[in-house]
Amino acid sequence: MNDIPAPQPAPATATGPATIEQPIKASVRHLSFYYDSYRAVTDVNLDIAERRITALIGASGCGKSTFLRCFNRMHDLYPGNRYEGSIILRPKGLDIVARNVDPIGIRMRIGMVFQKPNPFPKSIFDNVAYGLKVRGIRDRRLIEERVERALRQAFLWEETRDRLGDSAMTLSGGQQQRLCIARALAPEPELLLLDEPTSALDPVATANIEELLSELKREVTILIVTHNMQQAARVSDYTAFMHLGVLVEFGVTDQLFTTPREKQTEDYITGRYG
Amino acid sequence: MIDTQSLSQHISHEFNKELEDVRGKLLTMGGQVEQQIHQALRALVEGDSKLGEEVERQDYLINKMEVAIDDECSRILARRQPAASDLRLVIAIIKASTDIERMGDEAEKIGRLAVALAGMDRPPHGYLELDHLGGLVETMVRNALDTFARLDAEAALAVAREDFRINREYEALTRQCITFMMEDPRNIRRVLDVMWCGRSLERIGDHAKNICEYVIYLVHGKDIRHTSLDDAERAIRAKNRAAEQAAEQAE
């Protein structure tokens with residue numbers, strides 16, 4: 001694993017070279033993904049900037065969620081799914097999708113939050129502590145510290161500090177989602193994956209999560225899939241637009257939303273039929 | 001790159017209509033200001049004080065249009081959150097409406113000066129130089145608005161270059177006015193008014209140039225303000241080449 005070269009800029013594609021002036025957390029190279037014989041992601045080259053938010057946008061079925069799920073090997077849960085290419089996690093140079101890499105080990109390092117809040121039917125405290133216990137942490141003091149830290153990071157501490165023993169199901173939808181983010185943060189992941197984290201939330205809860213993301217990026221690298229283009233425009237530093245499994249355009253968010261290079265991107269973000 | 005067609009290709013028909021409407025309003029406002037400039041010049045050259053007063057009175061129409069357009073644009077921004085070329089269109093319209101409104105103010109000034117000048121002795125050759133400068137300015141304004149209507153960035157660049165010629169004509173006019181004032185100090189009052197007219201025409205040319213710059217921004221997403229036109233031309237060429245290559249690749 002030590003012979004993996006230093007990060008190289010992503011190869012130039014039809015969309016021009018991806019330019020990131022930030023240390024790179026993960027490099028995706030020639031990544032394709034197959035559900036059996038169906039290719040859902042085709043030859044994607046992309047760099048994920050460290051401690052920045054990268055948004056994946058595109059119409060339903062464009063492969064953005066499939067792409068996101070490659071990062072924690074979630075597709076391994078079903079037989080017949082197949083990866084080609086590589087996702088190199090920096091700085092150690094681990095190839096996430098390599099056959100000989102244990103997916104459980106990957107999921108220990110990469111956190112994920114889903115569309116619908118899915119707290120475990122346990123107490124608030126136990127929800128956040130769960131990932132730590134799975135990782136074999138037994139020191140009660142350490143667990144308490146990390147739970148508090150994660151809840152603070154997720155802006156949930158003030159609301160829950162007096163009721164940590166209550167069931168997580170007593171929280172509101174927005175609070176539950178922030179709890180899920182806290183749960184993902186507690187084990188201090190290298191990368192946080194968010195799959196439509198606010199699409200089941202009202203505008204206020206959404207604004208809270210977005211605010212939280214902009215705080216979190218000081219510490220964590222975030223990859224977010226969103227249907228809501230305005231959300232991508234609001235929260236992300238880099239945006240990737242996918243269409244039919246292909247990465248059409250990748251760029252700095254400000255540029256992509258004001259002067260996209262590709263007509264397909266333009267048509268999608270301006271709501272034209274393409 | 002965008003074209004005039006693309007305005008009407010949104011999934012939302014309402015949005016198509018709103019963008020078309022506000023763009024139409026801007027062009028109507030432009031038409032109104034063209035007419036104002038034309039009448040102000042006629043009033044000046046022909047010594048028609050009635051027409052000059054008319055021009056002064058009509059300026060409120062342009063002001064009203066500017067307010068309506070800004071209002072419409074803020075509504076579109078709030079309700080549609082436009083992106084990419086749609087966003088650039090709204091921004092360009094907001095900015096262009098400001099410039100057109102200022103052109104209206106300059107036309108109003110010329111109208112007022114025309115009234116004053118009509119009451120003074122006329123020089124034997126009339127106001128030929130102002131007529132000439134005004135003709136150039138009128139053409140430039142018409143062409144600038146035309147490039148906005150057609151979203152033609154290359155033409156916009158060519159029109160923007162006309163500003164240079166107008167500035168040179170204005171300098172020539174200024175020199176001539178100085179000569180007249182030195183020849184006979186009794187001319188000073190009248191010639192100063194002529195100079196103010198020239199100054200207003202020159203300013204109208206500057207605003208027309210601004211509009212051309214917005215057209216280039218709108219079409220190419222490239223802000224060329226405060227850069228030389230040669231640099232702008234190079235940037236546009238590069239953009240066009242990239243677009244052609246992309247089109248070839250797509251084929």
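Q: Is Glu154(B) buried, exposed or partly exposed?
A: In this predicted model, Glu154(B) belongs to helix 5 of chain B. There are 15 other C-beta atoms within 10 Å of Glu154(B). A buried residue needs 20 or more such atoms and an exposed one has 12 or fewer. Because 15 lies in between, Glu154(B) is partly exposed.

Q: How many Å apart in space are Glu154(B) and Ala43(B), C-alpha to C-alpha?
A: In sequence, Glu154(B) and Ala43(B) are 111 residues apart. In space, their C-alpha to C-alpha separation is 34 Å.

Q: What span should helix 4 of chain B have, and how far apart are its end C-alpha atoms?
A: Helix 4 of chain B covers residues 128-150, which is 23 residues. At 1.5 Å a residue, the helix should therefore span 33 Å.

Q: Which helices of chain B are included in what covers the buried residues of helix 4?
A: The buried residues of helix 4 of chain B include Leu130(B), Leu133(B), Val137(B), Met140(B) and Phe148(B). Their cover includes helix 1 (13-46), helix 3 (84-118), helix 5 (153-183) and helix 6 (188-220) of chain B.

Q: Which residue just after helix 4 of chain B takes a positive phi?
A: The phi in question is about 50°. The residue that takes this value, just after helix 4 of chain B, is Leu151(B).

Q: Which helix gives the largest share of the side of chain B that touches chain A?
A: In chain B, 15 residues are in contact with 12 residues of chain A. The largest share of that side, 5 residues, comes from helix 3 of chain B.

Key: Residues are numbered from 1 along each chain as its sequence is written. Chains are lettered from A and ligands numbered from 1 in the order in which they are written. This is a predicted model: local features need pLDDT of at least 70, side-chain atom pairs count only at pLDDT 80 or more; totals for chains, interfaces and linings use all residues. Helices (H or I, at least four residues) and strands (E, at least two) are DSSP runs, numbered from the N terminus. The expected span of a helix is 1.5 Å times one less than its number of residues. Two residues are in contact if their C-beta atoms, placed from the backbone, lie within 7 Å.
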